Amino acid sequence: MKEFSLSRIGQFIRRDITIHKSTFVTGLLVGIVLIFLFCIFNMMWDKQLSTDEFFGIFGLIYIPMGVLFTFSIFKEFNDAKTNQLYLSIPLSIPERLASKWFTSTIIYTLVYSILAIITGILALLFGIVIFDADFNVPSLFSIEYWNVLKVYFLVQPLFLVGAISFRKNRIGKTLLFLGILVLGFTFFNFFLFGIFNHNHGLFSGETLVSEAFDKTTADFSGLGRWFYGLLLGPLMLIVAYFKMKEKEV
């Protein structure tokens with residue numbers, strides 16, 4: 001039990017997929033239908049489906065659907081009738097967390113991406129026949145695709161923590177916490193920026209000062225992305241580990 005076994009993780013992933021198979025299949029079918037309809041509606045206006053437009057539709061469904069999957073695979077964990085049997089499964093906490101994360105991120109992303117691309121191509125073929133649309137096959141190697149994945153991989157651990165922490169109204173409470181967190185960091189950023197730059201007149205509106213303001217924010221934007229990336233990603237996974245350990249005890 002103290003060892004980290006990939007075999008046990010694989011068996012637990014297979015168990016989760018088997019138990020929640022109907023939920024996963026239903027969610028993916030709904031996602032496919034929505035992607036197809038949104039692609040068709042988009043082609044009605046400009047007779048084309050650009051890469052930006054397709055992956056905008058892709059992300060609009062991919063991220064909310066992934067959040068719902070994340071909460072669904074923790075249903076046993078928070079159910080008073082099933083959690084004792086669930087927690088009695090011979091699996092360590094790191095293995096349990098790794099299997100949940102892998103299922104709700106890697107496996108979900110691979111399956112959804114393949115189905116989305118196939119659906120997008122079918123929608124394009126339909127648009128060519130009906131609307132005489134341009135044929136532009138979306139590619140998983142485009143920067144737009146990886147940007148969408150980056151957003152999901154950063155925010156998903158936060159919803160993972162919410163799925164573990166709350167027993168009732170889990171999605172609503174997690175969204176409320178996320179909103180408070182975003183507002184808190186927004187005010188924190190403005191506060192720090194004002195303290196370090198108030199003597200330079202960055203808020204005066206003059207042209208030279210305005211350019212300095214833009215350059216200053218651009219210089220620190222990379223550092224900020226790394227900071228919030230680590231905060232929302234690895235740190236949230238560590239919090240999820242301790243929350244799961246607390247619930248098991």
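I take helices as DSSP runs of H or I with at least four residues and strands as runs of E with at least two, numbered from the N terminus. On that basis I count 10 helices and 0 strands in the protein chain, and the elements run α-α-α-α-α-α-α-α-α-α from the N terminus on.

I note that this is a predicted model, in which local features need pLDDT of at least 70 and side-chain atom pairs count only at pLDDT 80 or more, while totals for chains, interfaces and linings use all residues. Residues are numbered from 1 along each chain as its sequence is written, and side-chain values use heavy atoms, with hydrogens and water left out.

I looked up burial next (buried is under 20% relative accessible area, exposed over 50%, partly exposed in between, with a 1.4 Å probe and protein chains only). Buried residues make up 37% of the 249 residues in the protein chain.

Just after α6, Asp-132 takes a positive phi of about 55 degrees.

I turned to His-20, which sits in the loop between α1 (6-19) and α2 (21-46). His-20 counts as buried because its relative accessibility is 7%. Leaving aside neighbours within four places in sequence, I list Ser-72, Ile-73 and Glu-76 as the contacts of His-20, contact being heavy atoms within 4.5 Å.

Last, I followed Phe-58, which is buried, as is Tyr-112. Beyond its neighbours within four places in sequence, Phe-58 is in contact with residues including Tyr-112, Ala-116 and Leu-149. For aromatic pairs I use ring centres within 6.5 Å for Phe, Tyr and Trp (its six-membered ring), with planes under 30 degrees apart stacked, over 60 edge-to-face and the rest tilted. The structure holds 19 such pairs. Among them, Phe-58 and Tyr-112 are edge-to-face, at 4.9 Å centre to centre with 65 degrees between the planes. Phe-58 lies in helix α3 and Tyr-112 in helix α6, so the pair ties together parts that are 54 residues apart in sequence.
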